[in-house]
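User: Hi! I am new to protein structures and would like to learn how to read salt bridges. Could you walk me through some?
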Amino acid sequence: MTQGKINHIAIAASAGSGKTFQLAHRYIRLLAGGVPPDRIIALTFSRKAAGEIFESIARYLCEAISSPEHAQRMGRRIETGSSQGDFLGLLRDLLDNSHRLHISTLDSFIVGIVSTFPMELGISSDFQVLDNDGAEAREAREEILRSIFDHRHVDRSTQREFLQAFKQATFGQEEKGLERNLATIIGRFRNCYQILPVRDLWGNENAIWPDGSPWLVSLTDVNDAASELEISLLEDKLSESVMGRWHTFIDAAAQFRPSSPWTRDIEYLFEKLIHKLNDLRKGSASIPINRMACELSQRQCELALVLVSHVMKTELNTALNKTRGIYQILDQYEQFYDVMIHRRGKLTFDDAQYLLTEANRYSGGALLSRMSNEDARLYIDYRIDCKLDHWLLDEFQDTSSLQWEVLRNLADEILQDVSGQRSFFYVGDVKQAIYGWRGGNAQLFGKILEQYNGHIALKPLSTSFRSCEPIIDTVNAVFGDLPEDILPKNTIREWKKTWKDHRSQQGVVPKHGHVALLEPPCDKEGAKPTARDRYQLVAHLLNEISPLARGLSVGILVRTNETGKRIVDFLRRTCSGMNIVHEGKATIKDNCVVSVFLSLLRLAAHPGDIFAWRHLEMSPLCRYFAREQLSRDNLSLVLLREIQTFGFQAFIRNWGARLQGMHPLDDFGKSMLRNLIDAAGEFDETGNRDCDAFCRFVESYKIDELAAANAVRVMTIHQSKGLGFDIVILPELHGRNLAGGGKIDFIIARSLDTNRPLWGLEMPRRLVASADPVLSSQAQAYDEASCFDELCVLYVALTRARQALYMITSFPGKTAQVVATDAFLKLQLVGDPKPVDGPRVRIDHNEFICLYEAGERDWYKNVSAARKSTSRAEQLELTKDFCKQPSLRRRFAHVLPARMTRVRQSGALFFDRNTYDSQDFGSAIHKLFEKVMWADSTDIEVVIGQWKRNSSLAGDMKQRVIKQFRFALFCADVQRALSRPKGNVELWRERPFEIIVDDQWVSGVFDRVTIVRDKLDHPLTATIVDYKSDIVADPAMLHNAVKLYRPQLILYGKALSQILGIEPAQLRLKLLFTQSGKVYDL
Amino acid sequence: MSVERYFLGWDAPATTKVCAFLLRLPSLSSADLKNKLIVVPTRQAGRRLRGALALHCAARQTAILSPQVVTPTFLLHSDNPPAHVANQAEIRAVWAETLLEIDPNEYAGVFSAYPPTQDFAWAMHTGNMIQELRSRLADGGHQIADVQRELGSLVQEPERWKNLARLEGAYLESLRELDRLDPLELMIQQAEKPRLPERIETVVIAGVPDPTPLVLQALGHLAEQITIIVLVHAPENLNDHFDSWGRPITGKWRKAQIDIPDASANIILTGSPTLQSSKVLEVLAAEVGRFGPNDVALGVPDRSVSSFLAADLADKGLSTFDPAGKTLREHPVYQLLEAFWMLANDSNYAALSGFLRQSDVLRFLQASCNVSPRNLLEDLDVFRNRYLPLALEDVTHRLFCESVNKTENKQFTDLRRATAFVQDQLDIFENNELDSALRSLLQAVYKARSIDPNDPEDKEFIAVARLVEGTLNQLVDEVIAGIGLKKRSAFELLLSRLGEQSYYPERGDAVIDLEGWLELPWNDAPLLIVTGMNDGLVPDSQPSDVFLPDSLRNELGLRHDEDRLARDVYLMTELIESRREKGRACFIAGKRSNTGDPLKPSRLFFHCADEALPERAQRLLTVPEEKRASHPSTVSFLLDVTPPADVSSDRMRLEELPVSRFKDYLQCPFRFYLSRILEMEEPKEKREMDPLDFGLLVHEALHKMGKSAEMRNCENSRRLSNFLCTQAKNWVVKRFGPTPPLQVEIQLEAAKQRLNAAAHVQGELVADGWEILESEMEIEGQFGGVAVRGRIDRIDQHRKTGRIRIIDYKTSDQSQVPEKAHLGPLSSVVRDYAKVKVGKGEKRWLDLQLPLYELLLPNGEFRGGMQVGYFNLPKAIKDTRMVFWDSLDDELLQAARICAEGVVEDIRHHRFWPPALKVEYDRFASLFHAEIGDCVNVRAFKEFLEKQAT
Ligand code: SF4
């Protein structure tokens, strides 16, 4: 297997055409070509997908190993002649290096890079990564605002600037609440700031209209024009109603100020005039008012234009101004944010990305590089300890501009490399670009192809390995030929670029299948069907088909999680016995178990919270409180203590048990409790013990609600991306107006050739924008893009189905204007966007309209339950008896006698230097005594001198220790106890020992043992001396001390008698009190 | 002298084997190991060895004189370290100092892209990072300078290493100036001439698989003086797989196969950490009858599994012990210090309440200052919501300053006492050395707490106190003084040092230890279950590293990935082999971390024969993840909404009713019951004025205008505006002080704009002949025998026509239209009295406010045609204007009266059920997660209501 030149490839993979297959095979091909696995990097978007890439590589390799035929087939696919054995080698290599593989999400790759450059980027090396929209990130944002509000941190003049900026940004709206508004501004515009962090390009007239705007010119006096127009129109003797219209408009327009509300007074005629702009400019216009044409003279045209211009100018200026105000707010915010990131080491994934982009004002544009000789670049090969030669990017259409900023340089280096030993491979489907709202820039797919024209081979894939023929035919019918009269032309052009008619791979896809476009009929009074009627249709379909019993998988795909929840609720009630599951991120707070805990936690910190208290009183915990005599007066302290001592997880677990003790929970309740415990475990890791913070954490905590096997799965279309179902039901097909015209927040205009951002503006209302050539072309581009998005969402929805696809729409009413997605579907499939009626079908004994149909209606009748998943073996449950089971081994409690028996003391003593002084003193005395062999033969001054040199005690303490030591050794008792007995004597000093007595394992230390042995060295007698530095001033104290230490010495005696093998009677036990110089014989 | 290597075999666990070996040593007279130094891999291993020795001896009815059992680094520390070795606090302080003094521009190799803000926290943290690097290099006997000198040409970023070496030099220089030794340097020197405690005659290296190069160096030197016995937990026939120090040879083990008996049962793949924990229970359940609780060893290389395991096992009556201890951060004493640090560093209000919410502080205040915890905590919330204080000084100013409102002194008694304590402690902090200030705080707080040395929790307290004490002592050293560390920096340093330390709760009667991977070989329990067998954990690896990438570690002879892999292949084999005969070793891998990151199974699983590999890979990589069953949502328990004991029965008796309450009842009788009878108010945490405050502010200003003889007839809108704005400002100053927080200022600004617009409207009104008659007029009347009270914002009269206008100020964001606010479309469950004919159709009453105003006005006092309406002051100030309800005629008024009487009647008869199905904004949404009727105990409530009605 030698490595030839490896091409750069872009794969445009339509839905179901085997994107992961392509990626995995590319990977295997590289491996087979001898590329070490750690030189390949494969990036995708979700963590799940990253896991799947690795697994599918392994799976394909396993398959290739399984037989020579498979190996051959694989060899053909990757264009090498490899054998089973070769693939086994590759599998081994892959698994052996699994820790060095770079198969991950783009996010975690970026975070990984950031973490290897902490010093360069000025961040803490143990920085914490926060979810972009988790509770912690939100709290961090709030904290920044709070610190801007705090005059102790921010000087008043900065605050005033901020106040000004806020007023400017919210011009005309005297907001009474601040925090929410600021949060909204920041939430909405921060992204724009990151893309375009240049003050001069925000709300800058000259940047937007380099040649000057036709509207932002000086005008003749508006009031004069207004009265002149009014008079001149009066002379025209218009009908009263028409004149009335003119009058209100002229009035409102003349008085139009930056803070004026946009009323019907203005809008009615303004709109008409704007539509006749060219005529007005020409000097002769006919304005339709109240279905009558009102002809304007040249002068009247001029005057009307003045009024229109005045309104336009005012609105545009307001927009420019507000935009600058918004910039100002963001800029200040960003300064604080930057400090937070750098100083506090808390980053969101987005922040990590932003740190590595050139656009970042604060990092100074750290660019990643693979070339060690590039200046001012972060050289990554060395830091991540490998050379990333081969890049594989998945779902490329979802890459955002910022993400590409991070990778661009690295990719460029690869693409410009001529050695042929590096490669770039990306796969995606522009038709599935449904993440535009969170920054995905689908245009990158084509832009890169263009930029490296000829270097990258484009490989389109449009054969579906998933969907059956009727489905593919339907998809072709819907998307193959887009209606030019409805959709924006550019959208159609863009779509055509990526579109190729699909076909399905016979032999792989299911043979039988069905597609239907269904509608609930209008009721007898002709009322339009409601959402409920559509859900009812879903229920009937499920009842009719009984998919679960047949082992068919079902996905009900909707637009929002809210609809999802509603449908699940509805279906659970109407399709009893069928397992219906809402899938996706779900909060855990909406149930009685978690909410009662939230109240408990709130009450812990806020006993004044009567809402929480009453809630608890209503709950079963009320009985627990009564039993334990807990009231609102003492509860907080008890709760806070538990939380602070044991953490939230233990707290929830304990109180969960108490709750269960009062009221056994059902399975759902138990699972919610479990979720809460998990959440608490995660939160505890932050070390934070603040109840409010934890409550907020729980409120925004989300779990993956995963479907158990054999369930009808309800989820959003976005979540369904990458999945396939036997049956797909789409009950929520209306959506945005495909023809555009929706509200636009903010526009960042980009250069056509370089794609660089040029300027930003909070868009004025549509009507105003439409009158300006620059803004209207931006608005149009926006509409085109959003229409494209909408097509993508529909495309993803339709292509999830393997065998059956049920699209459920409803009659929108005769007057419906908007061409929403459902109307588009009908137009494409039926030829009429608003068909009133159609052929009827019976589903589950009810009649419905079937507007379109393909395939076999009873396709499912032959599907048996053969595909039913095998049920798992009964699980064994551990019972409480286990702890009483006999064990093979014995276990002993471990006792350290030195720490036995001490008396109760005030907590304050443990923070008192003197307490520790006396302990230090005690051990110092021990140390000195340890050095004494025999009192009669040891030169204590030598001992003292040695000790003094090595001891790190403070000077005066040293002196005290020495003084006591000298004194003790001077005492007769001590002299006697430490002198050498006659005979064959052995002396132990400081000897640790281990013994098992009375089922306890004791680890002790003999201070001093003197053993007298016979001639054969057998021990005859022994004496234990234990040094005590306690103060024993009088006989009573002595008595107490002896009482305290007796058990310890007796234990020591036992140990020694066992070690030496002599009778206890041959032992003497002595306590030597160093302070009094007395020795007590036990 | 010599190095003797013995192969112990691995047919039993290491502990058993080593123990048996030691007790068989020929030199043993009875069980006397006192002259032996036993080196074991970890502390926990040492503990297990000593326990096993004791047990062995007990079998022979004897005890044992323990050998000295140590971990490898013992050999690098001198028995008697010179007194002037720098301690950890000093090291940290010196590093911080060094980094604060440099010019980062001169170190572009290190701080290239982003110029650091050289504050203490940064300096300390960066210092730690470099010191950590030094300590890892020291394992191989290197310093940074060595790397730069010896590998300068080889390392990829020479400039960076040069810079780092310079920083290291500066740090060492500072230490020298302070007459302190760097412990790492000392350690490297020590390895050159290691010294043992006097009585030691033999060193036994017992199953230490990966001593550091520096330890080996020390051993090499020791071997020249003394006998070293190396014990290898493996059979003799593998002698070529280990070097002379008993280390598994990387080349031999790296690719070795691991024979896992019954792999299908003993390799378990599951999902998240909590599922791993459940799997452990399943394995245990399968072994009931064969093994008992004392026979179980649990490995938790992934710490995130351990809390779930501990809890799950506790549920089954099995207590666990974590030998890794707890970090000080988890202990309340640390939390107290941290809370105090927040206060001392920036005494903002959050820091104050954080400190006062420490349960230890609350207990102290309760015991010593007669403070009720409940009242104090309530005070904190009320005070915050009322005054939006930024900092402690705002509290002390308001509560202690004589000149400020005296009434507060009565109201916030508990808060005042608590703040006095806080202020005292802060004063002490300011005026004393750090250590005495903190001792004083801790002594004060814990004075009344009686510590029982036999109580497990108190034992922890003692252990923690000891650590705090020790660390505090390190900080009073003259070195710290010499550096001139500021008090707050020293405090920060203290906390950071404390936060890294651990304490070890007593094991008590814990049955099962939750051990790390490296501890496991020393656990001799026959049933071994290892969780967290995932890549990155077993073996652990870090291919990318800030300073030492794997390849560089390899070059420097430091432990690198291959070594770890080889070691762990050996360890896993050892674990399995020692249980092959009589036990079971079972390995669990997760697919997902706690936070949802995918995990890969450990590479060790794939150390199998080629034939088995595809099957195993299939199984471990492609098995779908196990999921926890999801249950359809249910209501797990019903809420009992009958009034609890602490709701006085008086509240159920209706004696009077404010006008504003009618709206609540009309909206939903049950929610009316919750909010008005049970007084359930939504909790608030204000950080700015809420809409209520804002309304109050605007109302007050307008009221002042209505009361001012001069202003009520003024038609000059400029003057009116000035007046109103001044009033608004005064109100704010009165409530929030002369320098209100910025957010309040912004809100005041908005209020002024709205008032300014109102002034224009007012000016025109006066010019049109309208005159303010009354402002905030109290009214009262009887409906169905109940007093109904209200307050009319204002009444105007026209000078010429005498017409009367009843006006209500509205400060909501959007303009309100009276008719729409009072009458709404009919819905299915409306009581008859609330229905009203309007024109051709029928509507329902939503609110009765304006009609009631008109009805309640004293008869005869106000004559002439009456108009009722709103004075809107919305956020779009262009919309500021009066809006009247001109269609409110007598017929409607009468309908309103009937409705009011109906409401009163219903409330008097406690008709609080059923609830409305839908309300516009449901403040009780957090209580009820399904239809209210499905969430509360309806029967009990109805019974209660019926009883009340009779
Ligand atoms: S109307 Fe004129 S005189 Fe009267 S209060 Fe107003 S400003 Fe003063």
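Analyst: Happy to! Keep in mind that this model is predicted.

User: Which side chain does A:Asp331 meet in a salt bridge?

Analyst: The general idea is that side chains of opposite charge can pair when their charged atoms come close. Here, A:Asp331 pairs with A:Arg199, with 3.2 Å from N to O. The two sit in distant parts of the chain, 132 residues apart: A:Arg199 is in the loop between helix 9 and helix 10 of chain A, while A:Asp331 belongs to helix 15. A:Arg199 is partly exposed, at 41% relative accessible area.

User: How far apart are A:Arg264 and A:Glu267 in helix 13 of chain A?

Analyst: They are three residues apart, so about one helical turn separates them. Their closest N and O atoms are 3.3 Å apart, forming a salt bridge. A:Glu267 is partly exposed, with 24% relative accessibility.

User: Are B:Arg553 and B:Asp550 buried or exposed?

Analyst: B:Arg553 is buried at 2% relative accessibility, and B:Asp550 is buried too, at 7%. Their side chains form a salt bridge of 2.9 Å, N to O. Both lie in helix 24 of chain B, three residues apart, about one turn of the helix.

User: Which residues are linked with B:Arg553 in a network of salt bridges?

Analyst: Among them are B:Asp550, B:Asp540 and B:Arg559, as well as A:Asp38 and A:Arg100 from chain A.

User: And how many salt bridges are there over all chains?

Analyst: A search of the whole structure gives 127.

Terms used: Residues are numbered from 1 along each chain as its sequence is written. Chains are lettered from A and ligands numbered from 1 in the order in which they are written. This is a predicted model: local features need pLDDT of at least 70, side-chain atom pairs count only at pLDDT 80 or more; totals for chains, interfaces and linings use all residues. Side-chain values use heavy atoms; hydrogens and water are left out. A salt bridge is a side-chain nitrogen of Lys or Arg within 4 Å of a carboxyl oxygen of Asp or Glu. Helices (H or I, at least four residues) and strands (E, at least two) are DSSP runs, numbered from the N terminus. Buried means under 20% relative accessible area, exposed over 50%, partly exposed in between (1.4 Å probe, protein chains only).
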